[in-house]
Amino acid sequence: IVQWTPFFQTYKKQRYPWVQLAGHQGNFKAGPDQGTILKKLCTKEEKCFKILMRDVLRPYVPEFRGVVGGDDGDCEYLQLQDLLSDFISPCVMDCKIGVRTYLEEELAKAKEKPKLRKDMYEKMCQIDKCAPTDEEHRLKGVTKPRYMVWRETISSTAMLGFRIEGIRRSDGTSSKDFKTTRTREQIMKAFRDFTDGFPHAIPKYIQRLKAVKATLDSSTFFATHEMIGSSLLFVHDRFNANVWLIDFAKTVSLPENTTTDHNSKWIVGNHEDGYLIGLNNLISIFVTMLEQ
Ligand code: ATP
Ligand code: MG
Ligand code: MG
């Protein structure tokens, strides 16, 4: 269950409950200007937004209006365009893109002192008793790097290059219960449920995703960054449907002399994020839905 409505947002004199599908609840609040929100400052993310505002991807990300101090004065926020503000009772879906959701450096750090973790072994067993090896069963523990790699295989992340983080439907109900939604069929069922009653949204999503893909092809930002944990935010209502790239808190510039094509298999150290694997699968799933 999504814990929600951290605040009410006002736009065109309407007040509506704002929807947050991921992240900590305390990370967001209403912005000082209408149609904006504040997200807790992360300097990595600020750096990305500064570059994005001058990149061909600009129309596909929320407008960045700069850094502002919170009214309490103790912390700073990114002021961003509220992507929900042009919609009436929007349906919202957050899909986290990529074949992994941790940075290479996070995996490397986890490998430094690979202690056996009983808690991670137990979490693993809860989801799939057959997941640990005989050896791990005997030791009743798994290492953190082993757990991190395994965790991406229980959702669609490892196989399809994206996973659903959360969905808010038109009836106001929402769920974050997609941690083990893994197969193309399971994903399609969730997408059907999400677009149920809004058939116009599917072709609009396909068109926009294809435009995103074409723009990524010519984007300097995309060519020079590793995009980890970033999402595509899908929003539709009775009249419109649109998609934006959000969340660049774990998007980092590639090390010098390293290039990726965002479409190749990830091997530890090659920095491939699988962003285009996820995007291509998203397009193909929506196209199949349209044909059926
Ligand atoms: P996490 O890293 O856990 O994904 P986070 O703290 O980095 O979370 P985001 O992923 O950027 O936060 O955003 C969390 C949620 O807030 C999104 O799923 C979406 O529902 C909402 N959201 C974020 N940015 C915007 C925006 N510009 N307009 C409207 N909604 C947004
Ligand atoms: Mg996110
Ligand atoms: Mg994030």
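Start by selecting ligand 1: of the 20 residues around it, Leu21, Lys39, Gln81, Asp94 and Asp247 come nearest (a residue counts as near if one of its heavy atoms lies within 4 Å). You are looking at a predicted model, in which local features need pLDDT of at least 70, side-chain atom pairs count only at pLDDT 80 or more, and totals for chains, interfaces and linings use all residues. Residues are numbered from 1 along each chain as written, chains are lettered from A and ligands numbered from 1 in written order, and side-chain values use heavy atoms, without hydrogens or water.

Next, show the side chain of Asp94: one of its N or O atoms is 2.6 Å from an oxygen atom of ligand 1. For Lys96, the distance from a side-chain N or O atom to an oxygen atom of ligand 1 is 3.4 Å. Now colour strand S4 (36-40) and strand S7 (91-97), the elements that give two or more residues to the shell around ligand 1 (strands are DSSP runs of E, at least two residues, numbered from the N terminus).

Move on to Asp247, in the loop between strand S12 (241-246) and strand S13 (251-253). Two OD entries of Asp247 coordinate the magnesium ion (ligand 3) at 2.3 to 2.5 Å (donors are N, O and S atoms within 2.8 Å of the metal, or 3.2 Å for Na, K and Ca; water is not among the atoms, so sites may look incomplete). Asp247 also coordinates the magnesium ion (ligand 2), 3.8 Å from ligand 3.

Finish at Phe286. Beyond its neighbours within four places in sequence, Phe286 is in contact with residues including Met93, Phe191 and Phe234 (contact means heavy atoms within 4.5 Å).

Notes. Helix = DSSP H or I, 4+ residues; strand = E, 2+ residues; numbered from the N terminus. Polar contact = N/O pair within 3.5 Å; in protein donor to acceptor, adjacent residues only side chain to side chain.
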